[in-house]
Amino acid sequence: MYRIVLLKGRCEGYTCHLDATQLIAHWPILRKMLGRGVRTLWEDRVAQYVVRE
């Protein structure tokens with residue numbers, strides 16, 4: 001589900017369906033399933049969460 005939301009979702013989908021803790025925990029697997037553009041965009045956002053914790 002996370003892969004679908006990351007690829008096809010919109011802002012309201014991100015806030016409804018994604019949990020930052022789960023996204024960070026599963027990022028090593030998820031990043032391999034995303035295209036370069038989407039992966040780059042989300043890696044910047046995931047890095048922001050990691051720095052805050």
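Of the 53 residues of the protein, 21% count as buried, where buried denotes under 20% relative accessible area, exposed over 50% and partly exposed the range in between (1.4 Å probe, protein chains only). The model is a predicted one, in which local features require pLDDT of at least 70 and side-chain atom pairs count only at pLDDT 80 or more, whereas totals for chains, interfaces and linings use all residues. Residues are numbered from 1 along each chain as its sequence is written, and side-chain values use heavy atoms, with hydrogens and water left out.

The secondary structure comprises four helices and zero strands, assigned as DSSP runs numbered from the N terminus (helices H or I, at least four residues; strands E, at least two). From the N terminus on, the order of elements is α-α-α-α. The radius of gyration is 10 Å, close to the 10 Å that the globule rule gives for 53 residues, so the protein is as compact as a globular protein of that length; the radius is taken over C-alpha atoms, and the rule is 2.2 Å times the number of residues to the power 0.38. Along its principal axes, the C-alpha trace spans about 25 × 25 × 15 Å. Among contacts (heavy atoms within 4.5 Å) between residues at least 6 apart in sequence, 39% join residues at least 24 apart.

The largest nonpolar core has ten residues, namely Tyr 2, Val 5, Leu 6, Leu 18, Leu 23, Trp 27, Leu 30, Leu 34, Trp 42 and Val 46. Helices α1 (2-8), α3 (20-30) and α4 (36-52) each supply at least two residues of this core. Such a core is a set of buried Ala, Val, Leu, Ile, Met, Phe, Trp, Tyr and Cys residues joined through side-chain atoms within 4.5 Å. Leaving aside neighbours within four places in sequence, the core residue Val 5 is in contact with Gly 13, Tyr 14, His 17 and Leu 18.

One aromatic pair is counted, under the criterion that ring centres of Phe, Tyr and Trp (its six-membered ring) lie within 6.5 Å, with planes under 30 degrees apart classed as stacked, over 60 as edge-to-face and the rest as tilted. Tyr 14 and Trp 42 form this edge-to-face pair, at 5.0 Å centre to centre and 85 degrees between the planes. Tyr 14 lies in helix α2 and Trp 42 in helix α4, so the pair ties together parts that are 28 residues apart in sequence. Trp 42 is buried, with a relative accessible area of 5%.

Helix α2 (residues 11-17) also contains Cys 11, which counts as exposed at 55% relative accessibility. The C-alpha atoms of Cys 11 and Val 46, 35 residues apart along the chain, are separated by 15 Å.
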